[in-house]
Amino acid sequence: MKDTPNGSKLVNLGLQGGGAHGAFTWGVLDRLLEDGRIRIEGISGTSAGAMNAVVMADGIDRNGYDGARERLARFWRDVSDAARYSPIRRAPIDMLFGNWSLDASPGYIFFDLLNKMASPYQINPLNLNPLKDIIEHIVDFERLRRTNDIKLFISATNVETGRVKVFKREELTCDMVMASACLPYVFQAVEIDGVPYWDGGFMGNPVLFPFHYSTRTKDYIIVQINPVERKGTPRTAREILNRMNEISFNASLLNELRSIEFAGRLIDEGKLSPNDFKRVNIHIIEANDELNPLGASSKFNAEWDFLTHLRDIGRRAADRWLAANFEIMGTRSSVDLKSIVRGIKAAFRLKKAE
């Protein structure tokens with residue numbers, strides 16, 4: 001990795017998964033790439049974040065940042081085109097009132113119930129996955145493995161051990177990306193070298209620890225799709241399941257942020273040497289006010305109008321973040337890690353009291 005040009009900042013990107021909501025990440029990346037002042041050293045991606053990561057890296061290899069923007073747009077257009085004739089579509093009443101949810105979609109309700117009664121091995125014995133065809137068509141994995149300008153870390157969950165597995169750029173295949181995005185109630189486990197893998201979000205959404213050992217930048221930008229906090233008590237079965245997934249998919253990330261805050265505090269107190277430990281600056285780009293009201297079912301909505309709506313939300317969020325925080329990068333975090341840690345400690349005390 002060459003030194004950054006004057007005025008630019010070197011960063012690592014952590015990209016969360018979230019189904020179709022990954023189009024929000026597309027918008028964030030599109031704006032950061034357009035701005036040109038962000039230079040990317042490493043990317044850690046999970047599920048939809050893994051797909052965004054490999055598509056962007058492939059585009060950069062082909063034609064720089066402009067190539068990355070073009071490939072990301074093409075990928076999400078292909079996702080939408082593949083879903084054009086899917087029975088999982090919005091109900092007419094939702095289209096009329098501009099509701100992006102699929103809660104009233106007969107196709108979505110049918111497949112949602114079917115997934116609760118039968119496994120992917122019964123529903124989809126041929127293990128068909130149109131997303132794999134799209135990724136294989138867009139990304140040249142042979143080229144991707146040969147170059148190393150940007151470090152890639154794609155995480156999946158080992159079904160047998162329950163541990164996270166991080167695949168690096170030099171070994172990366174399409175199957176590894178699909179393993180990272182393998183929701184166990186939708187797809188059959190992806191086997192790599194005889195080992196079954198599920199969605200990486202269970203153990204890291206995304207993982208940050210590879211950055212500590214393999215990159216030199218201290219600035220990590222997390223593109224957040226899944227909210228840490230959501231006000232109110234879920235009432236319906238679907239709302240409860242969605243919130244359970246959000247909590248479980250954020251747990252490992254919160255623990256990593258706690259460790260980063262703790263290490264930074266020890267460095268500041270002189271108890272750890274800055275020569276041996278890296279003080280990390282954490283930044284988060286999110287749009288909770290706009291994403292939180294979207295129902296969990298909208299993560300399966302691949303309509304082009306919805307994807308571009310999410311892209312535009314992501315572009316605006318990145319634009320706000322750049323305006324507010326670009327100058328402080330390299331010096332400190334733009335999020336209050338101490339408040340995040342306090343929230344974790346409060347939850348732990350509550351659990352002990354129970």
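Ser-47 sits in the loop between strand E2 and helix H2. Helices (H or I, at least four residues) and strands (E, at least two) are DSSP runs, numbered from the N terminus. Ser-47 has a positive phi of about 55 degrees, although it is not a glycine. Most residues other than glycine have a negative phi, and most peptide bonds are trans.

A word on what you are looking at: this is a predicted model, in which local features need pLDDT of at least 70, side-chain atom pairs count only at pLDDT 80 or more, and totals for chains, interfaces and linings use all residues. Residues are numbered from 1 along each chain as its sequence is written, and side-chain values use heavy atoms, with hydrogens and water left out.

Let us step back to the whole chain. Its secondary structure comes to 13 helices and eight strands. The C-alpha trace spans about 60 × 55 × 45 Å along its principal axes. For 354 residues, a compact globule would have a radius of gyration near 20 Å, and the protein chain agrees with its 20 Å; the radius is taken over C-alpha atoms, and the globule rule is 2.2 Å times the number of residues to the power 0.38. Of the 354 residues, 49% are buried. Here buried means under 20% relative accessible area, exposed over 50%, and partly exposed in between (1.4 Å probe, protein chains only).

Now to strand E2, residues 38–45. Seven of its eight residues are buried, so E2 is largely enclosed by the rest of the structure. Strand E1 (residues 9–15) runs parallel to E2 and is joined to it by seven bridges; two strands pair if DSSP finds at least two bridges between them. Leu-15 has Gly-45 of E2 as its bridge partner.

Among the buried residues of H12 are Phe-306, Leu-310, Ile-313, Ala-317 and Trp-321. The cover over the buried residues of H12 includes H1, E2 and H2, where contact means heavy atoms within 4.5 Å.

| Residue | Relative accessibility | Class |
|---|---|---|
| Ser-47 | 10% | buried |
| Ser-101 | 6% | buried |
| Asp-193 | 78% | exposed |
| Thr-233 | 56% | exposed |

Like Ser-47, Asp-193 has a positive phi of about 55 degrees without being a glycine. Asp-193 is in the loop between strand E5 (190–192) and E6. Ser-101 belongs to the loop between helix H3 (92–97) and helix H4 (106–117). Leaving aside neighbours within four places in sequence, Ser-101 is in contact with Arg-90, Asp-94, Ser-297 and Ser-298. Thr-233 lies in the loop between E7 and helix H10 (237–268). Finally, a cis peptide bond joins Asn-205 and Pro-206, with omega about -5 degrees.
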